[in-house]
Protein chains: 2
Amino acid sequence: MREAELDAAAVALERTMSWLRRAVRPTEWSAVALSTLDALDREGPLRVTDLVARERITQPGMTGLVGRLADAGLVERNADPSDGRVTLVAITPAGRDYLRSIREQRAALVAAHLRALTPEEQQLLVNACRALQALSARPLHPEEV
Amino acid sequence: MREAELDAAAVALERTMSWLRRAVRPTEWSAVALSTLDALDREGPLRVTDLVARERITQPGMTGLVGRLADAGLVERNADPSDGRVTLVAITPAGRDYLRSIREQRAALVAAHLRALTPEEQQLLVNACRALQALSARPLHPEEV
DNA sequence: AGCACCTATATAAGCACGTGATATAAATAT
DNA sequence: ATATTTATATCACGTGCTTATATAGGTGCT
């Protein structure tokens with residue numbers, strides 16, 4: 001029965017994800033691009049290979065994305081002094097600004113919807129915040145499922 | 001301060017959405033396609049225009065998507081007896097089967113991650129289920145944000 | 001040192017799935 | 001009846017991925 005509850009929670013989360021996709025205004029950058037910027041913002045400079053492992057995307061896809069982000073000035077590519085093969089990707093101030101503006105805009109939209117829920121429902125979601133953070137902090141191993 | 005809590009919850013939800021995108025295995029069908037199938041499954045046959053209003057997609061895009069789904073046998077297009085212009089789109093049994101298999105697979109993956117959280121965190125998420133359902137049931141007006 | 005192999009990234013060609021502009025056909029209004 | 005509006009379809013195109021392959025740097029063995 002605890003299993004059933006967890007399954008129900010998983011389904012609810014998945015459906016909420018779908019709702020969020022429809023709720024947020026599409027941006028000029030793809031979901032992968034935003035997620036990549038977020039990773040660089042929170043974890044500092046990363047190699048292309050690291051980003052490939054994080055995002056569900058192929059290596060050439062990530063190379064192309066990094067190239068477009070660099071052209072737009074949102075990230076910069078630097079050489080790794082200790083290994084001539086790798087390119088270290090770092091977010092720029094402009095990238096941080098852009099990311100923050102998107103986050104604020106989306107949070108405002110979602111918060112507006114939250115405000116329309118009942119106070120009890122709002123409280124339940126506020127309480128669940130910690131758990132959501134723990135969940136979304138979980139690393140993803142490519143071998144699973 | 002309640003505002004701040006709601007904002008924090010909104011941010012946590014948004015970040016969880018991003019995590020879910022990375023967590024789930026990409027399917028042969030796009031997120032829009034799955035969301036469209038879900039809408040047809042839960043609300044019954046809909047017109048192309050209804051689907052356009054639900055999903056963040058243009059009308060030609062939806063016409064194309066419906067065409068591909070129909071070619072794959074997941075939906076069928078029928079004429080509306082009361083209005084010769086509209087095509088009513090309905091999910092087929094094969095479409096339902098496919099949708100169910102995806103939902104089960106994703107729920108299993110998310111549930112596996114939930115099981116790795118602390119019991120308290122699990123309980124918080126189980127409790128928040130009702131609120132998530134209420135949130136994801138909210139209709140989206142195109143004029144907002 | 002020299003050679004084979006491995007690893008990190010880049011390049012190239014192609015395809016899926018969107019977009020905007022426009023066409024067509026049915027309904028509605030005058 | 002004709003004009004206008006509405007619902008869908010078609011067309012040409014672009015972005016952002018994909019797979020396959022190339023290139024250049026690192027590693028290990030003799």
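## Before you start

Residues are numbered from 1 along each chain as its sequence is written, while chains are lettered from A and ligands numbered from 1 in the order in which they are written. As the model is a prediction, local features need pLDDT of at least 70 and side-chain atom pairs count only at pLDDT 80 or more, whereas totals for chains, interfaces and linings use all residues.

## Chain A at a glance

Chain A has 6 helices and 3 strands. Here helices (H or I, at least four residues) and strands (E, at least two) are DSSP runs, numbered from the N terminus. Read along the sequence, the pattern is α-α-β-α-α-β-β-α-α. The C-alpha atoms of chain A fill a box of roughly 55 × 35 × 25 Å along the principal axes.

Of its 145 residues, 29% count as buried. A residue is buried if 20 or more other C-beta atoms lie within 10 Å of its own, exposed if 12 or fewer, and partly exposed in between, with C-beta atoms placed from the backbone. Two residues are in contact if their C-beta atoms, placed from the backbone, lie within 7 Å. Among the contacts in chain A with a separation of 6 or more, 43% are between residues 24 or more positions apart.

## How the two chains meet

A rotation of 180° with 0.0 Å of shift along its axis superposes chain A on chain B, with an RMSD of 0.1 Å. The two copies are thus related as by a two-fold rotation axis. The same surface serves both copies, as 100% of the contact residues of chain A recur in chain B. Met17(A) is the residue of chain A that comes closest to the axis, at 2.6 Å (C-alpha). The superposition is by least squares on the C-alpha atoms of residues with pLDDT of at least 70 in both copies.

## Helices of chain B

Helix H5 (residues 93–115) of chain B has 23 residues, which at 1.5 Å a residue should span 33 Å; its end C-alpha atoms are 32 Å apart, which agrees. The expected span is 1.5 Å times one less than the number of residues. Buried residues of H5(B) include Gly95(B), Tyr98(B), Arg106(B) and Leu114(B). Their cover includes H1 and H6 of chain A, together with H2, S2, S3 and H6 of chain B.

In H2(B), the buried residues are Ser35(B), Thr36(B), Leu37(B) and Leu40(B). Just after this helix, Gly44(B) takes a positive phi of about 80°.

## Strands and their pairing

Chain B has an open sheet of 3 strands in the order S1-S3-S2, with antiparallel pairing. Its edge strands are S1 (46–47) and S2, each pairing on one side only. Two strands pair if DSSP finds at least two bridges between them. S2(B) and S3(B) are joined by 6 bridges, and Arg77(B) stands opposite Val89(B) in S3(B).

In chain A, 6 bridges join strand S2 (residues 75–80) to S3(A), and the two run antiparallel. A hairpin joins S2(A) to S3(A) through 2 residues. Ala79(A) has Thr87(A) in S3(A) as its bridge partner.

H2, H4 and S3 of chain A give two or more residues each, as do helix H3 (48–54), H4 and S3 of chain B. By class, the surface near DNA strand D has 9 nonpolar, 10 polar and 6 charged residues.

Definitions and conventions:
Ala, Val, Leu, Ile, Met, Phe, Trp, Tyr, Cys and Pro count as nonpolar, Asp, Glu, Lys and Arg as charged, and the others, Gly among them, as polar.
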